[in-house]
Every structure is written in structure tokens, then in C-alpha cells.
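Could you walk me through this one? I'm new to it and would like to go question by question.

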Amino acid sequence: MTSLLGLPFLVWEYIWFRSEDGLGALGGIFYWSAGLLTLSWALPHRRALRTPRMLAAGAGLGCVLLPILFALALGAAMNGG
């Protein structure tokens with residue numbers, strides 16, 4: 001479920017980075033988030049691997065949301081003062 005929440009944000013982030021002429025400094029975070037979300041889907045769906053799948057999906061979602069939250073916080077700081 002977590003990886004399904006992260007996929008629209010990942011696509012939106014990729015479109016956003018591409019419109020700004022490349023991935024730039026935050027490209028590593030994008031690749032890590034894509035890799036972690038892919039890993040969460042690639043691991044076998046057995047009960048024993050449920051925790052690693054959930055950890056990979058949660059870390060991937062965190063990496064996806066990190067640049068978006070940073071941009072929102074930066075925008076709020078610039079407008080707040």
C-alpha cells in the first residue's frame with residue numbers, strides 16, 4: 001500500500017525535475033526512491049519477507065517525499081518573512 005502511495009509522487013517528481021532541466025543535486029534521492037520502491041515490489045510476497053518489503057516501501061516513500069517537503073518548507077520560509 002505504501003508503494004502505491006509513493007508512485008504518483010515519484011512520477012510527479014520526475015516530471016518536475018525534468019521540467020527544471022534535469023535531476024541536478026536531488027537526482028540521487030530520486031534514484032534511491034525508485035530503487036527502494038522497485039525493491040519492495042521485487043521481493044517475494046512471502047510472510048517471512050513482509051517486514052523487509054514494508055521497510056523498503058516506507059524508506060522509498062520517505063525518499064520520494066523528501067524533496068517535495070523540502071521545497072514546500074523553503075517556499076513557506078521565503079514567503080513568511
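What follows is a short chat about the helices, their packing and a few residues.

Me: Before we start, what kind of model is this, and how are residues numbered?
Reply: Residues are counted from 1 along each chain as its sequence is written, and side-chain values use heavy atoms, with hydrogens and water left out. Local features need pLDDT of at least 70, side-chain atom pairs count only at pLDDT 80 or more, and totals for chains, interfaces and linings use all residues, since this is a predicted model.

Me: How many helices and strands does the chain have?
Reply: Helices (H or I, at least four residues) and strands (E, at least two) are DSSP runs, numbered from the N terminus. Going from the N terminus, the elements read α-α-α. The count is 3 helices and 0 strands.

Me: What share of the residues of the chain count as buried?
Reply: Buried means under 20% relative accessible area, exposed means over 50%, and partly exposed is in between (1.4 Å probe, protein chains only). The chain has 81 residues, and the buried share comes to 27%.

Me: Are H2 and H3 roughly parallel or roughly antiparallel?
Reply: Helix H2 covers residues 27-42 and helix H3 covers 50-79; they pack at about 155 degrees with axes 8 Å apart. Axes here are lines fitted to C-alpha atoms, for helices over the stretch in contact, and angles run from 0 to 180 degrees between N-to-C directions. Angles under 35 degrees count as roughly parallel, over 145 as roughly antiparallel, 65 to 115 as roughly perpendicular and the rest as oblique. So H2 and H3 are roughly antiparallel.

Me: Which residues of H2 make the contact with H3?
Reply: Contact means heavy atoms within 4.5 Å. On the H3 side, the residues include Arg-53, Gly-60, Cys-63 and Pro-67. On the H2 side, they are Ile-29, Ser-33, Leu-36, Leu-37, Leu-39 and Ser-40.

Me: How many nonpolar residues are in the contact of H2 with H3?
Reply: Ala, Val, Leu, Ile, Met, Phe, Trp, Tyr, Cys and Pro count as nonpolar, Asp, Glu, Lys and Arg as charged, and the others, Gly among them, as polar. The contact has 3 polar and 1 charged residues, and its nonpolar ones number 12.

Me: Which residues form the largest nonpolar core?
Reply: A nonpolar core is a set of buried Ala, Val, Leu, Ile, Met, Phe, Trp, Tyr and Cys residues joined through side-chain atoms within 4.5 Å. The largest has 5 residues: Leu-10, Phe-17, Phe-30, Leu-37 and Val-64. Helix H1 (2-19) and H2 are the elements that give two or more residues to this core.

Me: Is Ser-33 buried or exposed, and what does Ser-33 touch?
Reply: Ser-33 sits in helix H2. Its relative accessibility is 0%, so Ser-33 counts as buried. Leaving aside neighbours within four places in sequence, Ser-33 is in contact with Leu-10, Gly-60, Cys-63 and Val-64.

Me: How far apart are the C-alpha atoms of Phe-30 and Cys-63?
Reply: Phe-30 lies in helix H2. Along the chain, Phe-30 and Cys-63 are 33 residues apart, yet their C-alpha atoms are separated by 7.2 Å.

Me: Which class does Gly-62 fall into, and where is Gly-62?
Reply: Gly-62 is part of helix H3. Its relative accessibility is 40%, so Gly-62 counts as partly exposed.
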